[in-house]
Each structure stands twice: as structure tokens, then as C-alpha cells.
Amino acid sequence: MSCSADAVKDKLLWNVKKEVKQIMEEAVTRKFVHEDSSHIIALCGVVEACLLHMLKRRAAGFLRSDKVAALFTKVGKTCAIAGDVCRKVQELQQQVESRKNQPNGQEPLKRQGSTTSKTPVLTPQAIKHIWVRTALIEKVLDKIVQYIVDNCSKYYEKEALLADPVCGPILASLLVGPCALEYTKLKTADHYWTDPSADELVQRHRIHGAHGRQDSPSKRPALGIRKRHSSGSTSEDRFAASAREYVESLHQNSRTHLLYGKNNVLVQPKDDLEAIPGYLSLHQSADSLTLKWTPNQLMNGTLGDSELEKSVYWDYALIVPLSQIVCIHCHQQQSRWTLVLVSQDGTQRPPLHFPQGGHLLAFLSCLENGLLPRGQLEPPLWSQQGKGKVFPKLRKRNSNKSVDLEEMPAEDTSTDYVFRIIYPGHKHDNNASEMIEMQGFGANLLSWQLEHCSQGSSCISCSMGSSPYDIPSCCTCIHDRTPLKMLCESMKRQIISRAFYGWLAHCRHLSTVRTHLSALVNHSIVPPDRPACAAAGLTKELWSKYQKDRKNYKELELLRRVYYGGVQHEIRKEVWPFLLGHYKFGMAKKEMDQVDADIALRYQKVMAEWKACEVIVKQREKESHSATLAKFSSGSSIDSHVQRLIHRDSTISNDVFISVDETDPVEQEPRGQEEPPLTAPPAAAEFDSPDSGLPSSRNYSVASGALSSIDDGQGGSFEDGPEEEGSAEGARTGHGARPGLLQPQDSVPEEQPGSQLGSQDCLVDVASVCAASYTIELLDTVALNLHRIDKDVQRCDRNYWYFTAENLEKLRNVMCSYVWEHLEVGYVQGMCDLLAPLMVILDNDQLAYSCFSHLMKRMSQNFPNGGAMDTHFANMRSLIQILDSELFELMHQNGDYTHFYFCYRWFLLDFKRELLYEDVFTVWEVIWAAKHISSEHFVLFIALALVEVYREIIRDNNMDFTDIIKFFNEMAEHHDAAEILRIARDLVYKVQTLIENK
């Protein structure tokens, strides 16, 4: 029971630490914290959870639902600071209640008339945590919590977090930092609500993602108000001002003329929603005519409390340029008129339902006047004396006669009309062929039919034609329905033409895919369900069967199971050496033992070599540093250039290698004991930080030049030992190249074949003998790499349970052994991250050394000395441009981050820092198996899957390069690895099928 209680306390404290870290980072980054920041809400939530842990029922109040309010009220009776907070909270609550009780129409007037007594606007989350939030903003939360901790027996059980003698004071201390910050109410350009945390963005998408989807294949044009600009940093005031500006534009103004306006026009935006009333308006500018419909809920032009609801209504608003409309359908249903607009591509806009009365006729009349002089309605409205504009009286034909509708009874009057919007350029009665050409039919199509036709009354022979082109030669009139039929025929031809050109574009697209992406995937598709389902992965039972009968189990089948299902954790230690190439599938037990023996011998030999060199490096650093201190302590002058070089050299040794005790000889130091570093001068930070990750020649030349100056140019001023003399001689004889493994070193593993390394005395003797065999440049290179390795090993996954001091020493030995064999590359930051999971799974430094060497054959090309990273970025650009062109365009528009530099860490470490440790194991083994199953470049598809998982969030928030880096940094270790791997496999399969043209 005590273990679980301690775990709960630790979890609560960890949550507080996390949120305190977030809010302090925001304060450092922006120089301020807004009062309504999401980080403040999150911090208040976790602090409340701590305050409510094991709270006594008497302190919480028997009948009160708000336990935090009850606690603050009770503490406020004896603590003056808490009492002040209680009074301020009560005032805020009264103001919020009075604001809720005000009529909706009075609030905008109050805002315009009074700017001094403004009622605070609190979000629902701020009201929920109003007690802790108020104490935090007043900068007294830490004092109140400290008071509660000091008097915890009154309010808490003995097992409570605040009653704990350790956890309680820690909680109060954690709140000191946030209470010292400055909180502002100003609305700035990077206001909080447009820059939420990654967790908040994902949570919003989960809640509202399904609602925002458009089921219609032709998405309705959205309102031209961007709620978020490229970086997602538009403030609430800017959005509110934009909304007000839009609403003001619906009325008469200097830029546009209002031709028509009518409220309570109904529009049904979706099939599953009821019709929404709104304001319909027709606007005419210098060169365009625009129809707008705005829901009534948006007509006040302000942002109320329900921002989500308003954002939905903004999506429903309509802006229709009438230049895109070719037909207007009018239908009468139960004394109500419905108007449907049809675009040039044949798509219909949502129907507009007019109220009862002559509102539709008035709208059409205003529309007809607005189209003039460049356009007109076809057929035009009729003018009737005493009534003004009326609907045209159309003729209704039958097989025997033509009857005018004016002569028919009222109940048979047609109630459906179709008007076309035409822009003939000239009058229709004189240039009918030009009108038809402008409608897209072509002038030469019907010119022969129109030669002998002139406007006149309709005839029965015209109506008997079965085709719009079957106009008899004796006809003296233009067929009344010919334009509409020609429009339909033209639309058919356009549809067929678009289908053809779409098919042609698809063929060209496939050709591009085959040209640029064929090298990224294997052309043979390995299915997940044949010969058996591989979703379960490589299990312990299947692996045991393979070990018993290696000949009957093919390598491809085992790799297929790893690719589609991973490896069971219990057998990873046995399987990983096969996946990485340490063993070959099908090897016998004796062959595997021989490989292990060879690797062990090689590892022992390399260990002895670099450890002997390390002794020389440390001895030289001690002597040069002590000589430098002696020179400075003597008060004698020294050349400024040499002094600067000595200082830069000392910064390397001070940080890691130099002991405070300068008088002890090397032989008396215990081997594994850590030497406390001296305090480095401030300039030490300027020397090549391992964070740069660039093992440039500048690093080597500086150290080499420093030691050369010290040893050669200032040789008379320092204590010269045999090592320096030999090193100088070696530098003269073998300058610029690493020497071969000399006889004293080679003899070490032969003299002691069973041990990992000899005793300290033996190494010192070997170092003394072979010191002359190393050049100064080599020693400087080794010193620099050891410095970087020691710095990274100490901070490598320090929170993971495996990395104790003993295992960190093993990690260092493996890394130093690898770097010793690859001094031309050296150590680069990130290599320890790649080695650490291998150490965790294999738990054998010799086996980890071999597997790491195989892994680095691929991964070393991602580091700055290789050229694979630029290739990855180029391939990512091609993949996303072909597989998700919409997202590519968005990335190109919002600052153009299609260079994909935000993926650098993903590729460098194989997503090691993006996932939890357990997920890293699965992802890595799938990457290793994918080389043989689907793609050698599977990391590209994992990166693309990471982007695709959050594509809706990226799109909806219009993220730019800075936003997307921040988002993925915050989402690290929060990804669903199984989902990402599934999407990555699907993307590989999609490319494979594109190449095969299936």
C-alpha cells in the first residue's frame, strides 16, 4: 500500500514539475506570460490535484461541491494572504455572474460607451480553476501552499502529499518560480490562444476533428477571413476586428454598392443540420458582382463566449462571385421560393430559401440591374404596367398545339424557372452566334444552323425534334430550348474532356513516380498475410522452432514477421545480432561461437590500444597544465598568442580529465575513479561544444597547434619529460597520420588473453615505452574525442533504469573502442544515443560493440561527414509532393519549409528521441527488417507517417517552420508508434502499387 501511495505522490509532483518547466520556458521565450495562457490553466489543474490529495472531509466541507473553494475559505480564516485571495475571487465571481445575466444586446453598447470599468472576460477553464489561478496571478500561491504545509494536520490525512515532510516543502518550492513571473492582460501579436501547446492541439483535434470534415467532394468556398495566419499567431482582437470589418462590409460603403439585402433567408449547410437563418446581400463593385450570405449568429460582429460555435458558423457563411454562376434555378414549394445557383463546372451551391412574399422576384430584379451592362438574365424578367418586374410568361408545349400560359387556369401555372446569366458583349437578338460562342459552344458549331433562322414565334416542327441539332430547314425561329440543351451537351463534352486529360495527367504522374521513386522501395511486394498472418510478429515459440530446425525456416519469412509485427521482447537479445548482421541467418552454433570469439579478441585488442593512449593523453595534460599554472604563478610574462592557445588547450582538459590534486603521480590513481574537474574559465564554453555535432578539422588543428607551441616553441619554460620528447620526435617522423599498432601495444592482449585489460601499472609501463610512437596530432585528436565522449556518456539517458555507473562505464568503453577505429570521423554528438538501446537489449559490451559497428555502416552517413541527410530531405520532398500534394502546397505557402529540416533529428537518431524506449526497440527492428522486405529507405516513410498523423492539425493551424518544430519537440515521446508504423507500411505499399500501376 505504501509503495502505491508513494507512486501517486511522485506522479503528482512530476506533473507539477512538468508544468512549471513549461511555464518558465514560455516566460523566458516571450519575456511575459499571458493570464489566459494554456500553461497557466495546466499548472492550476495539477496544483489543484495536489491540494485535493487526501484532503480531510471536514476541511473540504460536507455539502460543498467545490473542495478547493472550501479549502481556501477555511485557510483564509487564519491566513491573511489567503483571505485576500478569497475576497478577490468572490468579486470576480460576482462580476462574471452579472455579465451572464445581462441581455445580449447591451454588452456591445457597454463596450463602446465605457472603457474604464470593463468586466473581466474569463474562459470556462479559468473559471474552473479560479481559486488557484487568482492566487498564482497575485503571486501568493507559494506562500499559501507553504502555510498549508506548515499547518497540514488541520486539513490533511497523514498520508497526504502536503503532509509529507519531503513532498510538501518541495511542492511549495516549485511554485516560487511561477509566482515570481509577470503576468499580463495585454493582447499581443503572439497571444496565447493562437499558440497552444502540442498536447492541446492534439486534444482539440480529437474532440472536433470529426465535426470539421467535409463529406462533399466539392468543398464549398470558405469565408475569406483567416482565423490564423502563417505562424498561427493572430490575436483574438485581430480576429474580432476582422469579423467586425466583414460584417460592416455587408452594408452600404464606399467600396461596394449594396443592391439587395434580406434577412431570415434560410440555408441548410449540411444534410444532417437544420436550415439556418441568415442575411442575404448582393454587392456590386467596380468589376464584380458578389452574393453573400451570413448566419444571423455572426451579424453582431463580436466574439462572444462560445468561440467554437462561432467558428462553426464562419465555416457556413457563403461568398459567391456571380461570375462563376451560369444558371439560376427557381422553385416554388408551398408558397415559399427556393433559389439554387449552378456553377460553371455543374456543381450546385446550397439552396437559398426565401420567406413568403415577393422577395425572390425583388432579388432577381436587383440582380438583373446589377448585371447590366455587361451581362443579362436569359430569359429576362418582364415589365408589367402597375406591377413592375414580373416573371416571364413561358409557353408550355404539347404534341398538338402550343398554349400560352396566360390563357390557362391559375392552378396550371408553371412555378419552376431557369435563368441563365450570359455575357454576350452585344445584344442577343443581333449576334446569337457570338452569345453561343461566349457560352463555350464555339462559333463554328452551329453557325450553319443559324444562317436561315431569325427570331420569331415558335412552331410545332421545332418542338418535334429529337435532338437540339435537328432544326428543320423550313424553321424560321430559334428553338427556345436550344441554348439549354447546348449547355448540357457542352457540359458532357467538358466532363469527357476533363476525364481524358485527367487520365493523361495520371499516366504522366505514374511516369514521374517510376522515375523518381522507384529506387526508394523494393519492387516485389511481400504481403502480410501470405503464407501466414505476420501481425503477431516474431514470437518466442517461432524463434525456438527456427533454432531447432534452421534449414526449413527461410530468412525472408522471419524478416517478414519482424517487419509486420516486431520481435517479442524476451528474444530481442538473440534476434538483434541477426538483424544487424553480427550473425548470418542459417549459421550453426559453432560458427556463431567462432564469430563471438573473434569479436572478443578484437575488442580486447582495441580496448588495450586506446586505454594505453588514454594514459599518455592524461599524463601529458597533467604535465602541461601544471607547467602552465606554475608559469602563471611565477608572475613571468608570456606571449599573448601562446597564452591564448594554452588557455584553449586547458579548457579541454579542465572540463573532464584534470584532477584537482596536481601532485599525485599517475601510477597512484585508481583506474575507475572519477577525477573532479577544475573550475573552467568562462571562455571554455566557446570551445567547440559537442552539441554542434561537427568533428571539423578546426577542432584538431587548434589543439594540435596549442600543444606544438607549448612543446616546441616554449620547451625551455616547461618541465620536459620523456613523453614530450618522444611525442615531438614522433610528430616529426609520422606527422599527420595515425601510427600503426606498435609492438608494445600488440603484445598486451597476447600476454593477458583472458582479461579485458591489464593492470594500471602495466598500462603505465606500456605507455612509457610506446609514448614516442604517437604523434602530437594523434594525441590531440584522442584527447578531444575522449572529452566529447565523457561529456555525452554522463548525460546519456540518465533517467533510464539501466544506465547505472557500471553500465555507463561499459557504454564509454564501447564508444571509445569504436571511435579509436574511426578516428578520421571521430565522435559526433548523437552516437551515444544510437549505442544506448543496443546496450539495454544486448547487455554485453563485446556484442554491443560488434552490432554498433554494423549499425554505423548505415547511420554514419547521416552525420555531418556523410551526405545522406541531404538525400533524405530531397526524397522526403518528392514523396510528400506525390503522396500528399495538398499538404505540400500548404508547407510551401507557409514560409516554404519543404526543405524538411525539422526532420533532421529524426533521421540522425532513427527517431530515438521521438519515441518511448519500448517503442524505439520496435521501430528500430522494423527499420532493419524493412531493408529486405519493402524498402531500404523505410525511415523516409516513418517520417512521412509522422507528418501525416498530424496533417489535420498542421493544416488547420496553418503551421509555419517555427510552429512545426515547436509542435514536434513538444510531442516527443507522445507518439503512437504502432499507428505510425502502420501508416508507414501503407505508404510504402502505396508507392509500390503506383510503380506497378495496379
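How are E25 and K21 placed relative to each other in helix 1 (residues 2-30)? They are four residues apart, which separates them by about one helical turn. The views below come from a predicted model.

**View 1. Salt bridge between E25 and K21.** The closest N and O atoms of E25 and K21 are 2.7 Å apart. E25 is partly exposed at 38% relative accessibility, and K21 is partly exposed at 49%.

**View 2. Salt bridge between D910 and R858.** The two side chains meet at 2.7 Å, N to O. This pair links distant parts of the chain, 52 residues apart: D910 is in the loop between helix 36 (904-909) and helix 37 (917-933), and R858 is in helix 33 (residues 845-859). D910 is buried, with a relative accessible area of 3%, whereas R858 is partly exposed at 32%.

View 3. K966 is partly exposed, with 27% relative accessibility.

**View 4. Surroundings of L122.** L122 lies in the loop between helix 6 (106-113) and helix 7 (124-128). L122 counts as buried because its relative accessible area, 15%, is under 20%. Leaving aside residues up to four places away in sequence, L122 touches V96, I127, I130 and R133. The C-alpha atoms of L122 and Q93 are separated by 9.8 Å.

**View 5. Nonpolar surface patch of F500, Y501 and W503.** Together these residues have about 390 Å² of accessible area. Y501 is in helix 20 (residues 482-517) and is exposed, with a relative accessible area of 53%.

Terms used
Residues are numbered from 1 along each chain as its sequence is written. This is a predicted model: local features need pLDDT of at least 70, side-chain atom pairs count only at pLDDT 80 or more; totals for chains, interfaces and linings use all residues. Side-chain values use heavy atoms; hydrogens and water are left out. Helices (H or I, at least four residues) and strands (E, at least two) are DSSP runs, numbered from the N terminus. Buried means under 20% relative accessible area, exposed over 50%, partly exposed in between (1.4 Å probe, protein chains only). Contact means heavy atoms within 4.5 Å. Patches are made of residues with over 30% relative accessible area and no salt bridge: like charges are joined within 9 Å, nonpolar side chains (Val, Leu, Ile, Met, Phe, Trp, Tyr) within 5 Å. Accessible areas come from the Shrake-Rupley method with a 1.4 Å probe; for residues, only the protein chains shown count as cover. A salt bridge is a side-chain nitrogen of Lys or Arg within 4 Å of a carboxyl oxygen of Asp or Glu.
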